[in-house]
Amino acid sequence: MDRFDAMQAFARVVEAGSFTKAAETLHMSKTSVTQLVQQLEARLRVKLLNRTTRKVSLTADGAAYYERVVRLLADMDDAETSLSGASASPRGRLRVDVPTPLARTILVPELPAFHARYPDIQLDMGVSDRMVDLIGDNVDCVVRGGELTDQSLMARHVGDLQLGVYAAPGYLERAGTPRDPRELEDSHHRIVGFLWSRNGKTFPYAMQRGGERIEVQGRYVLSVDDGNAYLAAGLAGLGVLWLPSYMAKAHLPGGELVPLFEDWSLDPMPLYLAFPPNRHVSAKLRVFIDWVVEVMARHAPVGGRSNS
C-alpha cells in the first residue's frame, strides 16, 4: 500500500461523500479506492468511516485523522511548490467553474495570455450558472456574482459588475417605452426572469434616484437560469433585462439593445472567487486567483467602473 495514495483516497471519499464520486475525481476504479481505504484502516487498526448504502460518514477517529491528513497533504504540496523550479512555474490540473457570460465574454478571450504565462497548468473550466458543490464536485474554485450565502467558504472580492436596464427595439415597439421603472409592474409590460439556482426564484431589483429607492419585480413570460439564454431572450424581445454592462455593451452601438431609466442607478453586483476552507491554496490556484483579479480590474474593478 502506498500511504500517500491511501491518505489521498481517504480524504477524497470524505470530501466527495461517497466512494463512487471519489473514484471519479481521482480517475480510479471504485474498487481501488475502497481497497486503499480498507488497507489504511487495517494499518491504523481503527475504523475511519461509517458506510451505509446511502452515505459515508466519519467516525470520531476518522474525523480526527482527516484533519491531520488534510494538513499533511497541504504540507507536502507546500514542500513541492516551495522549490525554486516549482514555484517559478506552477503546474498541474486546476478545476474551476465560472458563469457562462463571464467565460464567453471576458475570461476565455483572455486565457491565451494566462497559458503563455503558465504553460504547465491544465485548466478544466466548468461553464455554468448553477450552484456548484465545491467539495462534492472536487472543484478548486468558483467565480460567482452576488453576495455569497455560504459563509463557510473562503472568498476574494474580485470585481464589481455595473448594472443597467435594457430592452430590444422590437419589445419597445410592441409594449411602449417605459419612462419610470415602476411601469414595469403594469400588466402590459414584461421582464425576462432570471432563476437563481440556489432557490429557483426570481428576485426584485433595487433601483435608486437621488433619495428615492424602489424595488421592481415585474412579470415574465420566460424565466431562465443561464446568463447567455437570458441575454438571448432579451434580444429576441421577450422582455426587459437587468444586465451587467460588459454583457450589454456589444449590443448598444448597433441598436440591438436600448438603455432604459438612465437617470436611475443600481447597486453593482459583487463578483467573488470562492474556494473550500480546507482546500490548500496551491501555487497554481494562487496564480489563477491573481490572474482573475488582474483581468477583472480592467473590465469590472472593485469599487469602480471599467475603462474598457
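Q: Which runs count as helices and strands in this predicted model?
A: In this predicted model, the elements are numbered from the N terminus. Helices need at least four residues and strands at least two, and both are DSSP runs.

Q: Which helices and strands each supply at least two residues of the lining of the largest cavity?
A: The structure holds two cavities of 30 Å³ or more, and about 380 Å³ of space lies in the largest cavity. Its lining has 22 residues, of which Asp129, Phe194, Trp196, Gly227 and Met269 are the closest to the centre. The elements that each supply at least two lining residues are helix H6 (100-117), strand S5 (141-145), helix H8 (227-235), strand S12 (241-244), helix H9 (245-248) and strand S15 (269-275).

Q: How many residues of the lining of the largest cavity are nonpolar?
A: The lining of the largest cavity comprises 22 residues. Three of these are polar and three are charged. The nonpolar residues number 16.

Q: Which strand gives the most to the lining of the second largest cavity?
A: The second largest cavity holds about 40 Å³ of space. Its lining consists of Ile191, Val192, Gly193, Phe194, Trp196, Thr202, Phe203, Tyr205 and Gln217. By class, six are nonpolar and three polar, with no charged residues. Four lining residues come from the strand that gives the most, residues 191-194, which is strand S8.

Q: What is the bridge partner of Met207 in S14?
A: Strand S9 (residues 205-209) and S14 run antiparallel and are joined by two bridges. Within S14, the residue that partners Met207 is Leu266.

Q: Are H6 and H8 roughly parallel or roughly perpendicular to each other?
A: Two packed helices are described by the angle between their axes and the distance between the axes. For H6 and H8, the axes lie 6 Å apart and the angle is about 85°. Angles of 65 to 115 degrees count as roughly perpendicular. The arrangement of H6 and H8 is therefore roughly perpendicular.

Q: Which residues make the contact of H6 and H8?
A: The residues of this contact divide into two nonpolar, three polar and one charged. H6 contributes Thr100, Pro101 and Arg104, and H8 contributes Gly227, Asn228 and Leu231.

Conventions: Residues numbered from 1 in each chain as written. Predicted model: local features only at pLDDT ≥ 70, side-chain atom pairs only at ≥ 80, totals over all residues. Heavy atoms only, no water. 1 Å grid on protein atoms, 1.4 Å probe; cavity = no way out; pocket = protein on both sides within 12 Å on 5 of 7 lines; lining within 4 Å. Points joined across faces, edges and corners; volume = space filled by probe spheres on them. Nonpolar A, V, L, I, M, F, W, Y, C, P; charged D, E, K, R; others polar. Pairing = 2+ DSSP bridges. Axes fitted to C-alpha atoms, helices over the stretch in contact; angles between N-to-C directions. Parallel < 35°, antiparallel > 145°, perpendicular 65-115°, else oblique. Contact = heavy atoms within 4.5 Å.
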